[in-house]
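Please look through the sequence and the model below before reading on.

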Amino acid sequence: MTQHDRLLIIDFGSQVTQLIARRLRELSVYCEIHPFQNVTDDFLADFNPKAVILSGGPSSVFAEGAPKPPASVFQLGIPVLGICYGQQVMMHLLGGKVERGHGTAEFGRAYVTPKDVKLSLLDGWFEEDREQVWMSHGDHVSEIAPGFEVYGTSPNAPFAITADVDRHFYAVQFHPEVHHTPNGKKLYENFVRLAGFTGDWTMGAYREDAIAKIREQVGDKKVICGLSGGVDSSVAAVLIHEAIGDQLTCVFVDHGLLRMNEADEVVSMFRDHYNIPLIHADETDLFLGELEGMSDPEQKRKTIGRLFIDVFQKYANEIEGAEFLAQGTLYPDVIESVSFSGGPSVTIKSHHNVGGLPEKMGLKLVEPLRELFKDEVRALGRELGLPDSFIGRHPFPGPGLAIRCPGEITRDKLDILRHADAVYIDQIRKHGLYDEIWQAFVAILPVRTVGVMGDGRTYDYACALRAVTSVDGMTADYYPFSHEFLGETATRIINEVQGINRVTYDITSKPPGTIEWE
């Protein structure tokens, strides 16, 4: 297996630390995020990083028990980049001075101007004499450490960019990873070039390594995979099948809450196209029977999650000799499972995954995607030959249409919703907008409204269209459809979908709203 050059990101609690990793992965550099308290001298020796980045964070170096990296980070002889709090703690530990805010705090857009000294870290910067950056700091560096020079300043950060070139230490007071620092990616590109990274982190290399690891872990044993039809579990299934062939069996639990023709498409792709052993567990009657009359959204989610585990276990027990359970766990899930304080993440989502089953069934986990971000999973899917039409699909929630049907769930309402959603997505595709949108769907509302169709009075459901743009789903804004598009789409839905006579468009951002309605 290939041993990639590795970069270590020491996390001090910034809300945008994941963005650092994403920027580096885009540059074909393998990196990992680890909380500062986990980074010991022994950890550093084992990880053997080629460079280190110290993240931002909400703390002050003056606080009791303020987070800091081990002193040995600065004795490894490798490049180190400090960002925001990372800059402050670097200066603090290396002999500089940091002062509390007292009127010098900067939050939001700022402009950095260069000093007259050349710095390779800044190649491609300051072509227009100043660079827009994003600041978010209260304390500030008041005196740089011995050996450092100043290469850029802002109105409230006289040491916005500093470096000790001889020791390859670099420090900036702003956040290059956010899109509000337009040229930030170039700074990271320069840093990894100075550190000697060759850009060996590719999906082709990852595919080969992952297959080798799966074969080593599984041997001649059997693996079961809970297939939802989503991108993550699908890419995991195809990758594992390439590694171990018919030792893998997928269980596709059809809960009757999928989009139009979705179950047929999933079964056809995996059973017919990829020839992967697949159990199609059509349990529509079970799920819809239990959900009948239920309107509380949390009760819906818990019921669907409980039934999914029960059904999956029932079918998995039919696979003799299975010792491993495959899951589509991604790197953000891994990061969020260990919070800045070292405890479990505060927010745990209930999805369609098979959480709880490994302990219940005595199975060991196979998680071949746990080092990847979502965009990398899509890239791996393309590497494995999955069709773009499948890989590029919008996210779909585990509870399915149940949470797009506020109020009581009935088969009739689900059929109406499926049809309306299909028309809406067809409209988006016809207008060439699908790939510009992170997620789009219809929600059927628990109200009926009066309408007039032809010469008759109608009393049918209202629906809401939802479409958002986002980078990672953590924040989102509504997509600015034209009035012509909305009018045309509303006309089609009302004319083609029996049961809907009124169409609205949801223009709520996240926050304060969520993407889904429940």
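Glu283 is in contact with Asp254, Val311, Lys314 and Tyr315, when its neighbours within four places in sequence are left aside. The model shown here is a predicted one. In that model, Glu283 sits in the loop between S14 and H8. Is Glu283 buried or exposed? Its relative accessibility is 11%, and buried means under 20%, so Glu283 counts as buried. As a reference for distance across the model, the C-alpha atoms of Glu283 and Val39 are 47 Å apart in space, and these two residues are 244 apart in sequence.

One of the partners of Glu283 is Asp254, which lies in strand S13. Asp254 has 8% relative accessibility and therefore also counts as buried, the limit being under 20%. Not counting residues up to four places away in sequence, Asp254 touches Ala263, His280, Ala281, Asp282, Glu283 and Thr284. Ala490 is 236 residues from Asp254 along the chain, and the C-alpha atoms of the two are separated by 30 Å.

Thr284, a contact of Asp254, belongs to helix H8, which spans residues 284-291. Which residues of H8 are buried? They are Thr284, Phe287, Leu288 and Leu291. Viewed down the axis of H8, these buried residues fall within an arc of 90°, so they line one face of the helix. The buried residues of H8 pack against strand S13 (248-254), strand S14 (278-282), helix H9 (297-316) and H14. After H8 comes Gly293, with a positive phi near 80°.

H14 leads on to the subject of helix pairs. Two packed helices are described by the angle between their axes and the distance between the axes. For helix H14 (residues 411-430) and helix H15 (residues 483-496), the axes come within 10 Å and cross at roughly 145°. The crossing of H14 and H15 is right-handed. On the H14 side the contact is made by His419, Ala420, Val423, Tyr424, Asp426, Gln427, Ile428 and Lys430, and on the H15 side by Phe485, Glu488, Thr489, Arg492, Ile493 and Glu496. By type, the residues of this contact between H14 and H15 are six nonpolar, three polar and five charged.

Another pair is formed by helix H5 (residues 203-218) and H6, whose axes come within 9 Å and cross at roughly 65°. The crossing of H5 and H6 is right-handed. Here Arg207, Ala210, Ile211, Ile214, Arg215 and Val218 of H5 meet Leu239, Ile240, Glu242, Ala243 and Ile244 of H6. The contact of H5 with H6 has eight nonpolar residues, no polar ones and three charged ones.

The next topic is the nonpolar interior. In soluble globular proteins, nonpolar side chains tend to be buried together. In this model the largest nonpolar core has 96 residues, and the members that touch the most others are Phe270, Leu369, Leu380, Tyr424, Ile428 and Phe481. Which helix supplies the largest share of this core? That is helix H6 (residues 231-244), with nine residues. A second, separate core has 41 residues, among them Leu27, Ile83, Leu187 and Phe191.

Apart from its neighbours within four places in sequence, Ile428 is in contact with Leu433, Tyr434, Ile437, Ala440, Phe481 and Phe485.

Some backbone details remain. Most residues other than glycine have a negative phi, and most peptide bonds are trans. Asn48, not a glycine, has a positive phi near 55°. Asn48 is in the loop between helix H2 (41-47) and strand S3 (51-54), and it is exposed, with a relative accessible area of 60%. Cys84, which is not a glycine either, has a positive phi of about 55°. Cys84 is in the loop between strand S4 (80-83) and helix H3 (85-94), and it is buried, with a relative accessible area of 3%.

Where are the cis peptide bonds described here? One runs from Lys510 to Pro511, with omega near -10°. Another joins Pro511 and Pro512, with omega about 10°. Pro511 is in the segment after strand S20 (500-505), and Pro512 is placed in the segment after S20 as well.

Technical notes. Residues numbered from 1 in each chain as written. Predicted model: local features only at pLDDT ≥ 70, side-chain atom pairs only at ≥ 80, totals over all residues. Heavy atoms only, no water. Axes fitted to C-alpha atoms, helices over the stretch in contact; angles between N-to-C directions. Helix = DSSP H or I, 4+ residues; strand = E, 2+ residues; numbered from the N terminus. Left-handed = near helix turned anticlockwise from the far one by under 90°. Contact = heavy atoms within 4.5 Å. Nonpolar A, V, L, I, M, F, W, Y, C, P; charged D, E, K, R; others polar. Core = buried A, V, L, I, M, F, W, Y, C linked by side-chain atoms within 4.5 Å. Buried < 20%, exposed > 50% of the residue type's maximum accessible area, 1.4 Å probe, protein only. Arc of directions from axis to C-beta.
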